[in-house]
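Please look over the sequence and the structure first, then read the points grouped by topic.

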Amino acid sequence: VLSREEMIAIKVSFDKREPVANGNCYNYYTDFEEIAPKYRQAIHNCDNSWYGSQTAAHIWGSIKTFRPKQAVTRAEAALCVERIKADSGYQMVGAK
C-alpha cells in the first residue's frame with residue numbers, strides 16, 4: 001500500500017531528479033504533525049506555487065487536511081504519474 005506522503009515524496013524526487021532534503025517547510029495542513037518528518041519537505045515542495053508543482057492540488061483539489069497515512073487510489077496514482085510525465089515534456093491527458 002502506498003500512502004499519500006510516500007507518493008508525493010516519489011513525485012517530487014522525479015521533479016528535482018535528486019532526493020528531497022529536509023529543510024524549512026510551512027505548517028499548511030491541519031494534520032501537519034501526522035506527516036512523517038522525512039516527507040514534510042517533499043509535501044511542502046509539491047504544494048509550493050513558487051516551486052511550480054502544485055501536485056496535491058491537482059490530485060485532491062484544495063484541501064486543508066492532507067491525511068498523509070491514507071492509501072492512494074489508482075486514480076490518484078494515475079494523476080500523479082500524469083504530472084511526472086507533464087513535467088518531463090509529455091502532453092497531459094486531455095490537454096490540447
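Helices here are DSSP runs of H or I with at least four residues, and they are numbered from the N terminus. By that rule Ile10 is found in helix α1. The model is predicted. The protein has four helices and zero strands, and the order of elements from the N terminus is α-α-α-α.

**Overall make-up**

- The protein has 96 residues, and 40% of them count as buried.
- Its accessible surface comes to about 5,900 Å², and carbon and sulfur atoms account for 54% of that surface.
- Among contacts with a separation of 6 or more, 63% are between residues 24 or more positions apart.

**The largest nonpolar core**

- In soluble globular proteins, nonpolar side chains tend to be buried together.
- The largest nonpolar core in this model has 19 residues.
- The members that touch the most other members are Ile8, Tyr29, Ile35, Ile43, Trp60 and Phe66.
- Two or more residues of this core come from each of α1 (4-16), α2 (37-47) and α3 (55-60).
- Leaving aside residues up to four places away in sequence, Ile43 touches Glu5, Ile8, Tyr29, Ile35 and Phe66.

**Helix α2**

- Is α2 largely enclosed or exposed? Nine of its 11 residues are buried, so the helix is largely enclosed by the rest of the structure.
- The buried residues of α2 are Tyr39, Arg40, Gln41, Ala42, Ile43, His44, Asn45, Cys46 and Asp47.
- Ala42, found in helix α2, has a relative accessible area of 1%. Because buried means under 20%, Ala42 counts as buried.
- Ala42 and Ser13 are 29 residues apart along the chain, and their C-alpha atoms are separated by 7.9 Å.

**Salt bridges**

- Side chains of opposite charge can pair when their charged atoms come close.
- How many salt bridges does the structure hold? There are three.
- Arg4 forms a salt bridge with Glu76, and the closest N and O atoms of this pair are 3.9 Å apart. The pair links distant parts of the chain, with Arg4 in helix α1 and Glu76 in helix α4, 72 residues apart. Both Arg4 and Glu76 are buried.
- Glu5 forms a salt bridge with Lys69, where the closest N and O atoms are 2.8 Å apart. Glu5 lies in helix α1 and Lys69 in the loop between α3 and α4, so this pair ties together parts that are 64 residues apart in sequence. Glu5 is buried, at a relative accessible area of 4%.
- Glu33 forms a salt bridge with Arg40, and here the closest N and O atoms are 3.6 Å apart. Glu33 is exposed, with a relative accessible area of 61%, whereas Arg40 is buried, with a relative accessible area of 18%.

**The surroundings of Arg4**

- Is Arg4 buried or exposed? Its relative accessible area is 2%, so Arg4 is buried.
- Which residues does Arg4 touch, not counting residues up to four places away in sequence? They are Trp60, Ile63, Thr65, Phe66, Arg67, Pro68, Gln70, Val72 and Glu76.

**Arg67 and its loop**

- Arg67 is placed in the loop between α3 and α4 (74-87).
- Phi of Arg67 is near 55°, which is a positive value in a residue other than glycine.
- Arg67 is partly exposed, with a relative accessible area of 38%.
- Arg67 is also one of the residues that Arg4 touches.

**A nonpolar patch on the surface**

- Leu2, Ile10 and Phe14 form a nonpolar patch on the surface.
- Together these residues have about 260 Å² of accessible area.
- Ile10, in helix α1, has a relative accessible area of 44%. Ile10 is therefore partly exposed, since that class lies between the 20% limit for buried and the 50% limit for exposed.

Key
Residues are numbered from 1 along each chain as its sequence is written. This is a predicted model: local features need pLDDT of at least 70, side-chain atom pairs count only at pLDDT 80 or more; totals for chains, interfaces and linings use all residues. Side-chain values use heavy atoms; hydrogens and water are left out. A nonpolar core is a set of buried Ala, Val, Leu, Ile, Met, Phe, Trp, Tyr and Cys residues joined through side-chain atoms within 4.5 Å. Buried means under 20% relative accessible area, exposed over 50%, partly exposed in between (1.4 Å probe, protein chains only). Contact means heavy atoms within 4.5 Å. Patches are made of residues with over 30% relative accessible area and no salt bridge: like charges are joined within 9 Å, nonpolar side chains (Val, Leu, Ile, Met, Phe, Trp, Tyr) within 5 Å. Accessible areas come from the Shrake-Rupley method with a 1.4 Å probe; for residues, only the protein chains shown count as cover. A salt bridge is a side-chain nitrogen of Lys or Arg within 4 Å of a carboxyl oxygen of Asp or Glu.
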